[in-house]
Amino acid sequence: MSSSVDFPEFERHAPDPEAKKDIWKTFWILFGLTVVDLAFYFYIPSGMTRNVIFILLGIIKAYFIVGTFMHMKHEKTAIMLMIIVPVIFIMALITTALYEGYYLFNLHWK
Amino acid sequence: MSHEAESKLPTKLWGGGRSPFNLEYGKLMMWIFLLSDAFTFSGLLIAYGSTRYSFPAAENHASIPFGSHIEMEELHQYFTPSTPGAELAPGVQPHWPSPELVFNHFPFLHGHHLPLLFVSLMTFILIFSSVTMVLAVEAGHRNDRKTVAKFMYWTIAGGIAFLSCQAWEWTQFITAGANLKDNPFGPVAFADLFFIVTGFHGFHVLSGVVLNIVITSNVLKGTYEKRGHYDMVEKVGLYWHFVDLVWVFVFTFYYLI
């Protein structure tokens with residue numbers, strides 16, 4: 001069996017007997033959140049409030065996909081920070097670009 | 001299997017001689033690749049957000065009853081097309097189209113107003129293929145070759161189904177007259193960004209399907225059984241979930257907002 005240990009510098013996760021239950025729970029959460037998205041689309045008039053709700057729901061979905069499906073919940077804090085901190089900067093950049101777009105809007109059409 | 005290896009691990013996490021992330025090299029590199037890929041998609045989203053906000057907002061047309069019969073010509077009043085030769089009247093602003101009026105088709109139900117129904121189906125297909133992928137990874141932890149292969153088949157089928165849906169969606173949009181320089185629904189930038197963002201995502205799905213097929217053939221050959229672990233399934237799994245994650249945001253920003 002010694003040949004099977006290609007990378008002895010880390011420990012493999014042990015099989016988790018609860019994993020399957022967790023996966024299906026996450027599936028139903030993602031399914032439900034998408035249905036909620038659609039319900040909000042048809043029952044809340046379009047506007048900033050609705051957009052903010054959609055973005056928040058998107059972030060919650062991202063938490064479940066990255067956390068459970070990509071197994072991030074069980075990884076070391078160092079790798080969590082390495083992946084998540086840059087994404088916070090991305091969100092800041094997207095917000096900034098929206099202001100830039102709004103400025104262009106005023107420039108063109110006002 | 002790993003008891004011998006574990007006993008050799010230095011106890012200090014950052015003292016050298018072991019992975020401080022406690023991850024296999026290839027998996028760590030996959031995470032870093034996914035982060036860089038997230039930057040690429042963010043670039044597209046940033047371009048999309050600022051372009052969209054530089055145009056007047058779409059109006060909400062929820063007054064059209066769901067499922068009612070409506071022809072493309074009747075919808076034209078809601079759009080300000082930008083095609084060369086079709087000048088806008090003075091004072092008219094080319095507003096960003098409402099997604100529910102552009103994407104309101106469903107196969108075999110032509111002419112009915114069914115906004116977002118098809119794209120929701122695509123979303124569910126992709127979420128479900130993500131679930132089968134993670135079930136394959138879970139079976140890999142138990143070294144259960146047959147179950148890994150079974151769920152990999154389902155994942156590949158989901159990927160192909162998603163790509164077929166996207167091909168249909170593109171065909172609808174293109175036959176309606178949209179391309180990279182014309183857009184009968186509003187600003188040309190709407191069509192440009194649609195094709196670039198969904199096309200780039202679709203290309204990722206295609207690459208994912210190819211990777212999944214390669215990995216499945218290795219699973220069937222017994223490569224990973226011999227190796228003693230199914231880490232490669234986990235690595236393509238990470239990529240596949242990332243593709244699903246990107247779709248969540250494409251769905252949110254392109255179709256919902």
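# Notebook: two chains, two domains and a few residues

I began with chain A and found that the centres of its domain 1 and domain 2, taken over C-alpha atoms, are separated by 20 Å. I note here that the model I am reading is a predicted one.

**Entry 1: the two domains of chain A**

I looked up the bounds and wrote down that domain 1 of chain A covers 19–74, while domain 2 of chain A covers 75–110. For the contact between them, I listed five residues from domain 1 of chain A and six residues from domain 2 of chain A. I then turned to area, and the two domains of chain A bury about 430 Å² between them, with carbon and sulfur atoms giving 69% of that.

Which residues of domain 1 of chain A lose the most area to domain 2 of chain A? I found that they are A:I59, A:M72 and A:H74, which together make up 80% of what the domain 1 side buries. When I sorted the residues on that side of domain 1 by class, I had two nonpolar, two polar and one charged. I also looked for specific pairs across this boundary, and I noted zero salt bridges between domain 1 and domain 2 of chain A, together with one residue pair in polar contact, both residues at pLDDT 80 or more.

**Entry 2: A:H71**

I next looked at A:H71, which sits in the loop between α2 (48–69) and α3 (77–109) of chain A. Its phi angle is near 70°, and I marked this as a positive value in a residue other than glycine. Because its relative accessibility is 23%, I put A:H71 down as partly exposed.

**Entry 3: where chain B meets chain A**

I moved on to the contact between the chains, to which chain B gives 70 residues and chain A gives 60 residues. The area buried between chain B and chain A came to about 6,000 Å², and carbon and sulfur atoms account for 76% of this area.

Which elements of chain B give two or more residues to the side that touches chain A? I wrote down α1 (3–8), α2 (25–53), α4 (99–102), α5 (117–141) and α9 (231–256) of chain B. Of this side of chain B, the largest share comes from α2(B), with 15 residues. By class, I recorded 42 nonpolar, 18 polar and 10 charged residues on the side of chain B that touches chain A.

I did find two residue pairs in polar contact between chain B and chain A, with both residues at pLDDT 80 or more.

**Entry 4: two residues of helix α7 in chain B**

I picked B:N212, which belongs to helix α7 (residues 188–221) of chain B. Is B:N212 buried or exposed? I counted B:N212 as buried because its relative accessibility is 1%, and the cut-off for buried is under 20%. Setting aside neighbours within four places in sequence, I found B:N212 in contact with B:M133, B:M152, B:T155, B:I156, B:V236 and B:W240.

B:S207 also lies in helix α7 of chain B, but I recorded B:S207 as partly exposed, because its relative accessibility is 24%. A polar atom of the B:S207 side chain lies 2.7 Å from the backbone oxygen of B:F203. I also took the distance between the C-alpha atoms of B:S207 and B:W240, which is 9.5 Å, although these residues are 33 residues apart along the chain.

**Entry 5: two loop residues of chain B**

I looked up B:H105 and placed it in the loop between α4 and α5 of chain B. With a relative accessible area of 24%, B:H105 is partly exposed. Not counting residues up to four places away in sequence, I saw that B:H105 touches B:L114, B:F118, B:W168 and B:Q172. I also noted a polar contact, at 3.4 Å, between the side chain of B:H105 and the side chain of B:N104. Between the C-alpha atoms of B:H105 and B:G158, which are 53 residues apart along the chain, the separation is 21 Å.

The phi angle of B:N143 is near 55°, a positive value in a residue other than glycine, and at 39% relative accessibility I listed B:N143 as partly exposed.

Notes. Residues are numbered from 1 along each chain as its sequence is written. Chains are lettered from A and ligands numbered from 1 in the order in which they are written. Side-chain values use heavy atoms; hydrogens and water are left out. Contact means heavy atoms within 4.5 Å. Buried area is the accessible area (1.4 Å probe) that two parts lose on being put together, summed over both. A polar contact is a pair of N or O atoms within 3.5 Å; within protein, one must be able to donate a hydrogen and the other to accept it, and residues adjacent in sequence count only if both atoms are side-chain atoms. Helices (H or I, at least four residues) and strands (E, at least two) are DSSP runs, numbered from the N terminus. Ala, Val, Leu, Ile, Met, Phe, Trp, Tyr, Cys and Pro count as nonpolar, Asp, Glu, Lys and Arg as charged, and the others, Gly among them, as polar. Buried means under 20% relative accessible area, exposed over 50%, partly exposed in between (1.4 Å probe, protein chains only). Domain bounds come from an automatic or database domain assignment. A salt bridge is a side-chain nitrogen of Lys or Arg within 4 Å of a carboxyl oxygen of Asp or Glu.
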